[in-house]
Amino acid sequence: MMMRIAIAGGGLGGLTLARILHRHGIDAVVYEREASRSARSQGGMLDLHPESGQQALADAGLADRFRSEARPEGEEHRILDPAGRILVHHKPQPGSFSGRPEIDRRALRDLLLDSLPGDAVAWQHRLVAATPQPDGGFGLAFDGGHSADCDVLIGADGARSVVRALLIDATLSSVATLVELSISDADRRHPDLAELVGPGNLWCIGVSQILAAQRLGDDSIRVGISLPADDRHLDAYRSKRALLDIFDGWDPSLTALIEAGDSPPTPRRIEAMPTGTRWAHQPGITLIGDAAHLMPPVGEGANQAMLDAAELAAALAANPADPDSAIQTYEEAMFTRIHPIAEMSARVQAMMLSPTAADDIVRFFTPRPTEPAPAD
């Protein structure tokens, strides 16, 4: 009998998993809370790393599609101080895919969705409960009264994972406050800001505060303000005036990024799981991505989620008759891989919002001189 695989969550990790399983002739259903692929904005752009995100897309047979959608020029980044002075300006080789080319999250998600059969994603299915069944597997209950059964349940349902609660009680901690704005049609409406941001990323770094912006493929600019976690209510960050007060004294050409936002700012807490989080294996269930190892958003989250998906799919495809053994193989390798990456992500997050962030980040991005070879 075919095993019934349910994937809770239709983000990048869940869709990558479904795609690679499909390539191996293994069916899976992705249960996604959103009503459709266009129900909400998918966020900014990602740099996909060769050893993780790009490797997963190669396993999914989508490397060529990725290259047609990605923007190598998006790797360009500029780091400025509050006076607008350039501290670092990195330009990639034109047209080169050898590094970490950027791709809009929306484009990457569409690429994955287009690679799946039409019935692989059950939209408007928000998982609210999963109940272990006496003979194995799980009964799934969804918001609105839908239900389903499965033999294997994979939680790809993000930071507030419902599936995670069946395996471990992990306490999330706030590591930052992020406030986002969007500027549409930047080249035409705000050419000065379009030139400031360039084709990739801009970071303006002050004392325990960052004003960042990135250019997306649709000619919009996504603005992000990062601040240390505090006890202030998020409503305190919902007005441009409040944000401009935070950046009082900064060069007006930089704070113009805040003023140009098309709508009121959107604040949210950035949370992380404790590094080293593990759970005891249970039959027929596991986690990938943020559900398994929520980290600060410093460039690894989506990449590691997609690599989780590729490694879990490979394990299940290699041993379809014994999914529990496949899951255990995946979990042990994933725990070992993620631990140092989670520790590094926590260090980088703390560095970026430290009082000495500008000096620290310049050192981080400045190539070290090579050591001379020892004399014979």
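Two strands count as paired here if DSSP finds at least two bridges between them, and with that in mind I would like to walk you through two sheets and a few side-chain contacts in this model, which is a predicted one.

Let me begin with the open sheet of three strands, whose order is β8-β9-β10 and whose pairing is antiparallel. Strands β8, residues 127–132, and β10, residues 147–150, stand at the edges with a single partner strand each, so one side of each has no neighbour in the sheet. From one strand to the next, the twist averages 20°. If we look at the contact between β9, which covers residues 138–142, and β10, we find that four bridges join these antiparallel strands, and that Leu140 has Ala148 in β10 as its bridge partner.

Tyr31 belongs to strand β2, residues 28–31, and Phe142 to strand β9, so the pair ties together parts that are 111 residues apart in sequence. Both Tyr31 and Phe142 are buried.

In the other pair, the rings of Trp279 and Phe335 have centres 4.8 Å apart and planes at 80°, so this one is edge-to-face. It links distant parts of the chain, with Trp279 in the loop between β16 (266–272) and β17 (285–287) and Phe335 in helix α11 (residues 323–352), 56 residues apart. Trp279, at 8% relative accessibility, counts as buried, and Phe335, at 7%, counts as buried too.

Both β2 and β17 belong to the open sheet of five strands, which has the order β7-β2-β1-β11-β17 and parallel pairing. Its edge strands are β7, residues 121–122, and β17, each of which pairs on one side only. What joins β17 to strand β11, residues 152–155? The two strands pair in the parallel sense over three bridges, and Gly155 stands opposite Leu287 in β17. Helix α11, the helix that holds Phe335, packs on this sheet, where it touches β11 and β17, and its direction makes about 25° with that of β17.

One further contact involves a charged side chain: Arg232 lies over the face of Tyr237, at 4.9 Å from the ring centre.

Definitions and conventions: Residues are numbered from 1 along each chain as its sequence is written. This is a predicted model: local features need pLDDT of at least 70, side-chain atom pairs count only at pLDDT 80 or more; totals for chains, interfaces and linings use all residues. Side-chain values use heavy atoms; hydrogens and water are left out. Axes are lines fitted to C-alpha atoms, for helices over the stretch in contact, and angles run from 0 to 180 degrees between N-to-C directions. Buried means under 20% relative accessible area, exposed over 50%, partly exposed in between (1.4 Å probe, protein chains only). Rings of Phe, Tyr and Trp (its six-membered ring) pair if their centres lie within 6.5 Å; planes under 30 degrees apart count as stacked, over 60 as edge-to-face and the rest as tilted. A charge sits over a ring if NZ of Lys or CZ of Arg is within 6 Å of the ring centre and within 35 degrees of the ring normal. Contact means heavy atoms within 4.5 Å.
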